[in-house]
Amino acid sequence: MTAVNLDQLNEPQYTAVTTTEGPVLVIAGAGSGKTRTLVYRVAHLIERGVAPESILLLTFTRKASQEMLWRAGRLLNDTCSRVVGGTFHGVANMLLRRFGAELGFGSSFTIIDRADAEGIVNLLKSSLGLGKRDKRFPSKRAIINMISGSVNKSIDLEDLVLEQYSHLSDHLEEILQLQKHYGEFKFDHGLMDYDDLLVNWKRLLSESPAARDEISGRFRYIMVDEYQDTNLVQADIIRGLAHNHENVMVVGDDSQSIYSFRGADFYNIMRFPKEFENTKIIKLEENYRSTQPILSLTNDIIRNAEEKYTKTLFTSIEGDILPKLYVAKNEGDEAAFIVKTIRKLESRGVALENIAVLFRSGFHSYKLEMELAVENIDFEKRGGLKLTESAHMKDVLAFLRILVNPRDNLSWNRIFLQLDKVGPKTAQKITAFISAAADPYLALPEYPAGKTWKDSFNNLVELIRELLSGNQAPSVLFEQVLAYYLPIFYELYADDYPKRQKDLDQLGAIMKEYDDLQAFIDDTTLDPPENTGTDDDIRRLVLSTIHSSKGLEFEAVFIIGLAEGRFPHSSSGFGGQWEEERRLLYVAATRAKKYLYLSYPRQLMGRDRRFSFAPMSPFLAELGGGLYQKIDSASCSSDYRTGRFSGKPPTGKKTVRKTVRKLKMSDFSVGCKVEHPFFGTGSVKKLSGSRSLDVLFDRHGLKTLHLDYAKLKIK
Ligand code: ATP
Ligand code: MG
C-alpha cells in the first residue's frame, strides 16, 4: 500500500483530512483546495482501514465524483474506486430501487426529466380542460417551475404562488389541481421526477427507521462537495444519513452559490453547525490556483457582495500578467479577438483543452461558434442542450424506457406518435388501451389498428416482440430500435438529419459501455451526457456556461458578453437575483489560473434584431482601478486584418472573408444562391432592412443574416 503523503497539504487542509470522526465544515473560497482535501480524506480514511464501501461521496456531477475517486486512487490504490460516489440524485435512485417498497412503490420506476414533466402537465391540462382559450393561463414551464420550487424550497405551493408568482394567483385553484393530478399521474405510471428522488429519499430516512438505520449503518463516512448549492431537502437528507454516527464533512463556498433558481440555499452552510453540534469549522485561506493579479480581481468582485462569509484569499503563485478587458465593437469583433488570442496562447504553449470560454447563457456563444468553425478550431460546448434532450433522442430512448417500465405511458405515447397517420388523439387512445391491460406488451397486438396505419403498427408490434425476446445487451437492443426508427427519422427530420444522426452515433457509443439497460437509462436521464456532436477523443477548446464550469480550472479563461443586460441578466433586478449574478461572475473568474480575459461587445443585437449600444456590466464598472488592463478594440481589429499577430499566418479564408464583407445589398436578389461557412448553401428569400437578408439554408432552415457580420458568398 502506498502511504498517502499528507505533507502535500497545508495546515488547515491537514486538520480537515485527519479529523475523521464527527461533523466537519470546511468553508473556503475558490481554489483553496476544498475538493483536493476531500480527495485526500477519502484516501486517508481507506489507508486507516475504513472499508471503501462505507464511504459516501456526494458531488454535483457524476463526472466530478469519478474524477475525485480516480485521484484518490492515484494517492493510494484502486480500492478507492469502491467508494460510493455520485450526485444526490444518483444515490437517491440507487437507494430507492432497493428500498422503494418501504414507501409503497416498486423498483421499476422510470425517472423523468424536465421536458417529460412539462409534457405531463400539458396532457393533464387538456384532459382536465384547463386553460382553454385563456392566454394568461400559466405555461407548462411556469407550472413545473412552481411545483418544483415548492418542493425544493420546502414551502407550500399555495404560499409560493401567492408570494413569488402573485401575477398568477388568479389561477391558484387550477395550479393546485394540476399539482395534485401531476403527483397522481406519476405514481400511477411508475414515474419519478428529479425532485421526487430527493423527496422520497428524505421520506425514506424519516419514515422508515429500519431503512434509515441500515443506510446510516452502511455509510459510516459522508462527504459532500459544493455544499453551497444544496437545498433544504438535501440538508435534511444529510441529517438523516448521519443519524447514527455524525461523521459528515461538507465543504463549500457561500460566494459560489449559483443555483438558487433550483432552490439551492447557501444558508445551508451557515445552518450546518446548528444542525450538528460540535461541528469543527475549518477555513482555508490560501489559493493554489490563480496568480496574484487574477486573485486581486476576483477578491474585488466579491468584496462588493452584500453578504459574504468567506475571507479574502491570498496566493503565493507569482505572475505579473494582469487580466485584460477587451471592449469589442460587436460580437463579430469579440469573436475575432478571442480567436486571435487563442492562437497567441497556443503559440506560447497553452494547450487548447486548457483554454475555456465562459458565458452566462448558451446562446451567447453562437457568433463565436461560427467563427471557430471558420477558423477550424475544435471545440466542445458544455451546458447547452444535453444529448438526450432533443426530440429525436427522446424518440429513441422511449423504446428503451418501455422495456424497463411497461407502465411508462409517456414513452408509449411518444412511440405511437411516430406512426405515420397517427395523431395525438389516436396515440392517447392506444396508450389508454394498453395501460388498462394487466400486461401492456401482450395487449399491444390486440389493439384494432386503423386501415391506413395497420402496416406501420404491425411493424411496431414486431419490433417490440423482437426487443423482448431474450436477454439482449443494451447495444443490441439499440441496433434493433435504430433499424426500425431510422426510416421514420429520415422522414421526420428530412431537413437536418445528418446533424441529428451524429447524436445517435454518440448515444450508440455511450451505450456500448453498459450491460444493464436500467443503469444506462438512469444515468442518461440523471446526468445527461453533453452533446459534443462526436464521440472521439480530440483535445478541444472548452466552451461552457458558467454553471457547468463549477469546480474546474483552466490555464486561460475568457468571459464573454460582460455587458449590462447580458451580465447581469436584464431580468435580475436588484437584491437576491442581482447578488447571485455577481457570484456567477466570481465563479467564472476564479476558474482562471494564469490568463483571464474579459470582454463584451459594445453593439448588441436584441430579440427584435435591432442593434443597440450596451454599457459595460456594472460588476466590471465597480471594480477598483488597476486590476485589469484595457485593450483597445481598434488596435486589435487592425492587427487582425493585417495578420500582424504572431500566432498564425493569414489564411486564404481570411482573404475571402475580407472580400465577402464588402458585399452590398444590391449584390443580392431574391432567389440568389449563397454560401455561408457554417450554415452551408441556401437561397435568399427576402431582403429585409437596409443591411440584412433572410436566407433559407438547405440544412439549417431560415436565418436572418446581417451583411456586416455574416460571411456570405454568392454562388
Ligand atoms: P473551487 O471552489 O473552485 O471548487 P477548490 O477549493 O475545490 O476550488 P481545488 O480545486 O481543490 O480547490 O484546488 C485548486 C487547485 O489548487 C488545484 O489545482 C489543486 O491541486 C491545488 N491545490 C490545493 N491545495 C494545494 C496544496 N496544499 N498544495 C498544492 N496544490 C494545491
Ligand atoms: Mg472544488
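**Chat about the cores, the ligand shell and a helix**

Me: Which residues have the most contacts inside the largest nonpolar core?

Reply: This is a predicted model, and in it the largest nonpolar core has 87 residues. V26, V42, A43, L57, A72, W201 and I222 are the ones with the most contacts inside that core.

Me: Which element gives the largest share of this core?

Reply: That's α2, with seven residues.

Me: And what is I222 in contact with, leaving aside its neighbours within four places in sequence?

Reply: L56, I238, L241, A242, N247 and V248.

Me: What about a second core, how many residues does it have?

Reply: 56, and that core is separate. Y259, A335, L345 and F379 are among its residues. As background, nonpolar side chains in soluble globular proteins tend to be buried together.

Me: OK, switching to ligand 1. Which residues are closest?

Reply: G33, K34, T35, R36 and Y288, out of 19 residues that surround the ligand. Helix α2, residues 34–47, gives the most to that shell, with three residues.

Me: How does the shell divide into nonpolar, polar and charged?

Reply: Four nonpolar, 10 polar and five charged.

Me: Where does UniProt place a binding site?

Reply: The unreviewed entry puts the "binding site" feature at A28, G29, A30, G31, S32, G33, K34 and T35.

Me: Is A28 buried or exposed, and why?

Reply: Buried, because A28 has 25 C-beta neighbours inside 10 Å, and the cut-off is 20 or more. G29 is buried as well, with 26 other C-beta atoms within 10 Å.

Me: Which domain does UniProt list for residues 7–291?

Reply: The unreviewed entry has "UvrD-like helicase ATP-binding" there. Over that stretch the chain is 50% helix and 12% strand, with end C-alpha atoms 23 Å apart.

Me: New topic: α14. What span should its 17 residues have?

Reply: At 1.5 Å a residue, helix α14 (residues 331–347) should span 24 Å, and its end C-alpha atoms are 24 Å apart, so the two agree.

Me: How many of its residues are buried?

Reply: 12 of the 17, so α14 is largely enclosed by the rest of the structure. The buried ones include E331, D333, E334, F337 and L345.

Definitions and conventions: Residues numbered from 1 in each chain as written. Chains lettered and ligands numbered in written order. Predicted model: local features only at pLDDT ≥ 70, side-chain atom pairs only at ≥ 80, totals over all residues. Near = placed C-beta within 6 Å. Helix = DSSP H or I, 4+ residues; strand = E, 2+ residues; numbered from the N terminus. Nonpolar A, V, L, I, M, F, W, Y, C, P; charged D, E, K, R; others polar. UniProt positions renumbered as here; feature names shortened; annotations may be inferred. Core = buried A, V, L, I, M, F, W, Y, C linked by C-beta atoms within 7 Å. Contact = placed C-beta atoms within 7 Å. Expected span 1.5 Å × (residues − 1).
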